[in-house]
Each structure stands twice: as structure tokens, then as C-alpha cells.
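Here are a few friendly notes to read alongside the model.

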Amino acid sequence: MLDWFYITDLLGVAVFAASGTLQAFRKHMDGFGVVVLASLTAIGGGTTRDLILDEPVFWLHDPIYFMVILAAALATIIWLRFKAYIPVNRLLFADALGIAFFTVLGAEKALNVGVSGFTAVILGTMTAVFGGMLRDVVAREVPLVLKSELYATTCIAGATFYVLLQPFSANLAMAVALVTTFSLRMLALRYHWSLPVFSDNQDKH
Amino acid sequence: MLDWFYITDLLGVAVFAASGTLQAFRKHMDGFGVVVLASLTAIGGGTTRDLILDEPVFWLHDPIYFMVILAAALATIIWLRFKAYIPVNRLLFADALGIAFFTVLGAEKALNVGVSGFTAVILGTMTAVFGGMLRDVVAREVPLVLKSELYATTCIAGATFYVLLQPFSANLAMAVALVTTFSLRMLALRYHWSLPVFSDNQDKH
Amino acid sequence: MLDWFYITDLLGVAVFAASGTLQAFRKHMDGFGVVVLASLTAIGGGTTRDLILDEPVFWLHDPIYFMVILAAALATIIWLRFKAYIPVNRLLFADALGIAFFTVLGAEKALNVGVSGFTAVILGTMTAVFGGMLRDVVAREVPLVLKSELYATTCIAGATFYVLLQPFSANLAMAVALVTTFSLRMLALRYHWSLPVFSDNQDKH
């Protein structure tokens with residue numbers, strides 16, 4: 001179970017690194033800008049979580065994470081040089097997979113430290129969305145996660161299931177949380193769901 | 001004493017959460033954007049302080065903080081839907097109260113860890129102003145705190161009194177620091193005081 | 001050796017504080033904005049490194065750092081008031097010196113904690129470039145370090161030499177790393193080297 005989880009975690013890192021590379025591409029950044037944006041996106045969420053939990057930062061003693069980031073950034077650059085277009089659909093699919101795993105990982109790590117279920121939901125969501133937020137802040141965009149279709153809400157839903165189902169079965173909790181986050185995100189993308197909190201006022205300003 | 005301080009701390013969190021919600025409103029963000037901006041504003045300063053002091057992050061084992069943030073954000077949203085205007089004066093009053101308490105809390109926590117009085121002033125000020133700075137950076141504004149009337153300088157003054165009066169009486173130090181920060185801030189707002197460091201050069205560029 | 005290193009570290013802090021002050025000047029910020037930008041630039045990189053390494057933050061029990069920052073910011077402000085121009089060449093020289101020392105310091109501290117050489121290179125580079133990145137993000141610029149001539153790449157080269165030469169001699173490693181970072185940076189500035197990763201595509205967007 002652990003190894004499989006580790007591999008999926010690295011897959012999530014790779015996908016997020018690719019999304020950081022695309023942002024760097026759009027902003028005409030050079031080689032190092034690519035590496036920084038790819039890294040911030042891929043490990044920014046988990047690093048913030050570990051700092052707040054006062055746990056060892058997960059990539060500090062495992063260089064594999066940075067190698068995956070470099071490989072994913074390189075692959076994305078090569079792709080962009082040979083193909084003119086960006087396969088948005090496939091990326092969004094991979095991104096939905098990535099946030100599902102990051103949410104579960106973050107909530108799990110928080111529960112292990114002994115915080116309340118409520119706080120574990122916050123830290124799971126933070127793990128999934130902070131990386132993309134850092135990416136957009138550094139690239140001078142209003143963070144996508146603060147504007148787009150239910151991005152974070154799917155993480156909150158997934159993390160909540162993960163926490164609530166823990167008493168029954170850890171594996172069940174994980175499975176339901178992954179499926180919930182992933183499929184809510186895909187549905188939100190397909191049907192352009194959004195949270196209309198301020199939408200009525202939008203035209204007045 | 002402690003309970004009263006805790007309640008005022010939560011009041012400060014509520015006020016800062018409301019100010020984050022207003023920023024999200026101005027930027028047309030959705031529900032999650034509201035929660036993120038409200039949270040960053042309300043707990044960003046204290047979280048940074050705790051990370052630097054290597055103390056447990058204050059909200060990690062106390063879910064009340066996030067509940068207060070959610071309640072304050074919700075109340076602000078409801079207010080904005082029913083009333084068309086924002087009560088700026090009342091908000092600035094509450095904000096001045098909030099930074100006064102955050103300054104004292106931050107300086108106190110820093111002194112407890114055993115840093116010098118000078119560094120305690122820095123950490124007190126950081127507690128009060130970092131949240132608003134994070135809010136503005138994420139919302140793509142030049143941080144208000146870096147531009148507005150003596151915002152941070154009032155915190156520095158309050159924290160300095162707090163540190164200098166410690167040898168005489170902890171309660172006196174606290175009272176003087178609170179009153180200093182709060183009233184300097186209100187006076188600065190009323191009379192548009194500012195620090196004119198670069199004002200002479202402003203027209204040349 | 002240690003004292004000399006400490007002094008050069010403070011020199012690096014002073015130079016970075018001056019560069020933060022110049023950014024605040026360009027953005028018409030007031031006195032506190034100057035102090036914040038100067039501080040973020042000067043100690044942002046080292047603070048992030050220490051948080052990630054879970055080491056005590058280097059300035060927490062040594063107020064000298066902030067005094068150097070305040071002195072450097074003040075000197076820069078006085079300079080700007082009396083002289084109308086900014087001595088860019090001399091600043092870039094001092095900046096190249098600063099990043100050389102910060103890179104070596106960061107890599108050394110990371111190796112002491114026991115991370116791999118690969119991760120030490122990342123943390124050395126992070127120490128040198130994160131401060132300037134924070135400065136630009138807060139001042140709402142696309143970070144210079146993500147766009148300019150080989151800025152970070154010179155740090156990566158220097159840190160790599162530092163790590164690879166450790167088995168032979170710590171002093172040799174330090175000397176080679178310093179000279180490499182510094183001279184690569186000066187050469188990159190002089191001949192406008194850049195990493196052309198995305199340059200072919202730049203005209204298409």
C-alpha cells in the first residue's frame with residue numbers, strides 16, 4: 001500500500017510541476033524560472049503543511065522529489081518545443097488526480113500528528129491548493145484556485161469524507177476521499193459549476 | 001485575565017477575517033477565495049510568528065479560530081448582500097483594536113521564548129501586519145501596510161512600550177501598549193499622518 | 001575564519017537590504033515599507049532555509065542583523081536624497097558578492113543538518129535567491145530572479161562546486177564556490193548571458 005501511495009504522490013508532484021512549467025512558459029521565463037515555478041507548484045502545499053505541523057519537510061531527505069520535478073519540467077519543455085499546443089484536457093485530468101492524492105496525503109499526515117478532524121480537513125485542502133496559489137502569486141496572477149470552478153471545495157469534500165470515515169476503515173476512507181475529490185473536480189470542470197457567493201454583486205462594481 | 005485576552009484575540013481574528021472578506025469581495029472571488037483571504041488575513045501574522053519562534057502554531061490544536069473566521073466571513077457576506085455599503089469607519093475602528101491586541105500578543109509570545117526586546121518588537125509588529133500583507137499580495141495589491149498612514153509604526157510604538165515597561169508591571173505594559181497602538185492608529189487615520197521618507201522624490205519619478 | 005565569515009554575511013545582508021530599499025523607493029513606499037522590503041530581501045532567503053531545515057532562525061537571537069538592515073536602509077535613503085542617481089554598477093558588484101556568500105552559507109548549513117549534496121545545492125540557491133523573490137512578489141513585480149541573466153544558475157554552479165569539493169577541503173570548496181558564483185554572475189551581467197529555454201516560442205505568444 002505504501003509503495004503504491006508513494007508512486008502516486010510522485011505522480012501528483014510530476015503533474016503539478018508540469019502545470020508550473022506551463023505557467024512559466026506563458027510568462028516567458030527562463031530555465032530557472034521554470035524550475036522555481038515547477039517546484040513551488042509541486043511541493044509548496046506539502047512544505048507549508050509540514051512547517052505548520054512541525055514535521056520534517058517531506059522532500060528534505062528524499063531527493064527523488066526534486067528529480068521528478070526536474071524530469072517533469074524537462075518533459076514539458078520538450079513537449080512544448082515539438083508540439084505547438086497544450087493538451088489542456090489531459091492536464092486537467094492529471095491535475096484532478098493530483099489534488100485528490102494531495103488532499104488525502106495532507107489530511108492523513110495531519111491526523112497522524114493528532115489535530116482535530118476539522119483542522120485535518122483544512123490541512124488536507126491546504127496541501128492540495130497552496131502549491132498552485134504560490135505559483136500564481138509568484139507569476140503575478142490572481143490565484144486560479146480563488147476564482148475557478150469549485151477547485152478547493154472538491155478538496156474540502158474529499159478531506160471531510162476521509163476524516164469522517166476513519167473510524168470505519170482507513171482504506172475505505174482513502175478510497176472514498178480519492179474518488180470524491182477526483183470526480184467532483186471532473187464534474188465541476190465539465191459543467192462549469194461555481195460558488196456564486198458574490199456573483200449578484202459582480203455587475204455593480 | 002487570560003480568558004479575557006483569549007476573547008479579545010478571537011475578536012481581532014474576526015475583524016481581520018472581515019477585512020479579508022471585503023478584499024475578496026472587491027476582487028470578485030468565490031466562496032473559497034473568501035475563506036482563504038479571510039484566513040490569511042486573520043492568522044497569517046500569528047502563523048508566521050509561531051513558525052519563526054518554533055512554537056506550535058496557535059490554531060493547530062484549537063479549531064475555534066477557524067470557526068470564528070468562517071462565522072466572521074459569513075456575517076460579512078450576509079451584511080454585504082443586505083446592505084449595499086461598507087461601514088468603513090467602524091471597520092477601521094475594529095481594525096485598530098485588532099492590531100493593538102495582535103501587537104501585544106506577538107511581543108508577549110516572543111519575550112516568553114526569550115528573544116531580546118528589540119526582536120520582540122519586530123515579532124509583535126510582524127504579528128499585527130503580516131496577515132494584511134499576505135492578503136494584499138495574494139489579491140495582487142501593493143500591500144496597504146507598506147503605503148498607508150503609519151499603520152505599522154503604531155505597532156512598533158506599542159510593542160516598544162510593551163517591552164520597555166515589562167520590568168515595572170506586566171499589566172501596565174500591556175495596558176499602555178494597547179492604548180498607544182490603538183490611539184496612535186486612530187489619530188493617524190483622522191489626521192492623515194504619514195512617514196514622508198521618499199515624498200520629496202516622488203514627483204521626480 | 002568564523003568571524004570573517006560572519007562579517008561577510010552581514011555585508012551580504014547590508015547589500016540585500018540596500019536593494020530592497022531601492023525597490024521600495026521605486027514603488028514610492030513610506031518608511032515602514034522600506035524596512036519591510038529591506039528585511040524581506042536581506043533575511044527572507046535565510047529564514048526560509050532555516051524553517052525548512054528546522055534550525056533556529058538565524059536572526060532570532062542576534063539583533064545585529066536587523067540593526068545592519070536598518071543602517072543599510074538609512075544609508076541608502078540618505079544617499080538617494082543627496083545624490084539623484086543610483087550607482088547600479090557598484091550595487092550589482094556588491095549583489096554578486098552577496099549571493100556568492102549566501103549560496104555558500106546556505107549549502108554549508110544544509111550539509112551540517114545532514115541532507116544530501118543535491119538538496120544542499122537547492123538550499124544554497126534558495127538562500128541566495130528567495131529574498132529577492134519575496135521582495136519582488138511583495139512589490140508586485142515579476143521576480144527578477146526568474147527573468148534575469150543566469151542569476152540563480154550561478155548560485156547552482158557555486159553550490160555544486162561547494163558540495164563536490166567538500167571531501168577534499170572545506171576551505172578549498174568554499175573558495176572555489178565563492179569565486180565561481182561571483183565571477184559567473186559578473187560575466188553573465190557583462191555579456192548578457194541568458195538561458196534561452198523558451199526564447200524560440202516567445203514571439204508566438
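1. A word on handedness comes before the rest: a crossing is called left-handed if the near helix is turned anticlockwise from the far one by less than a right angle, and right-handed if clockwise. Please also keep in mind that this is a predicted model.

2. With that in hand, look at chain A. Helix H4 (residues 88-113) of chain A and helix H7 (residues 170-191) of chain A have axes that come within 9 Å and cross at roughly 145 degrees. Is the crossing of H4(A) and H7(A) left-handed or right-handed? For H4(A) and H7(A), the crossing is right-handed.

3. From H4(A) come A:Leu92, A:Ala96, A:Leu97, A:Ile99, A:Ala100, A:Phe101, A:Thr103 and A:Val104, and they meet A:Met174, A:Ala177, A:Leu178, A:Thr181, A:Phe182, A:Arg185, A:Met186 and A:Leu189 of H7(A). Sorted by class, the contact of H4(A) with H7(A) has 13 nonpolar, two polar and one charged residues.

4. Next, the relation between copies. The surfaces they use are different: 13% of the contact residues of chain B recur in chain C.

5. In that contact, 23 residues of chain B are in contact with 23 residues of chain C. On the chain B side, the elements giving two or more residues are helix H2 (31-53), helix H5 (117-138) and helix H6 (151-165) of chain B. H5(B) gives the most, with five residues. By class, this side of chain B has 14 nonpolar, six polar and three charged residues.

6. Chain A also touches chain C, and the contact takes 23 residues from chain A and 23 residues from chain C. Here the elements of chain A that give two or more residues are helix H2 (31-53), helix H3 (64-82) and helix H5 (117-138). The largest share, seven residues, comes from H2(A). This side of chain A has 15 nonpolar, five polar and three charged residues.

7. Finally, a loop residue: B:Pro56 is found between H2 and helix H3 (64-82) of chain B. B:Pro56 and B:Met67 are 11 residues apart in sequence and 19 Å apart in space, C-alpha to C-alpha.

Note on methods
Residues are numbered from 1 along each chain as its sequence is written. Chains are lettered from A and ligands numbered from 1 in the order in which they are written. This is a predicted model: local features need pLDDT of at least 70, side-chain atom pairs count only at pLDDT 80 or more; totals for chains, interfaces and linings use all residues. Axes are lines fitted to C-alpha atoms, for helices over the stretch in contact, and angles run from 0 to 180 degrees between N-to-C directions. Helices (H or I, at least four residues) and strands (E, at least two) are DSSP runs, numbered from the N terminus. Two residues are in contact if their C-beta atoms, placed from the backbone, lie within 7 Å. Ala, Val, Leu, Ile, Met, Phe, Trp, Tyr, Cys and Pro count as nonpolar, Asp, Glu, Lys and Arg as charged, and the others, Gly among them, as polar.
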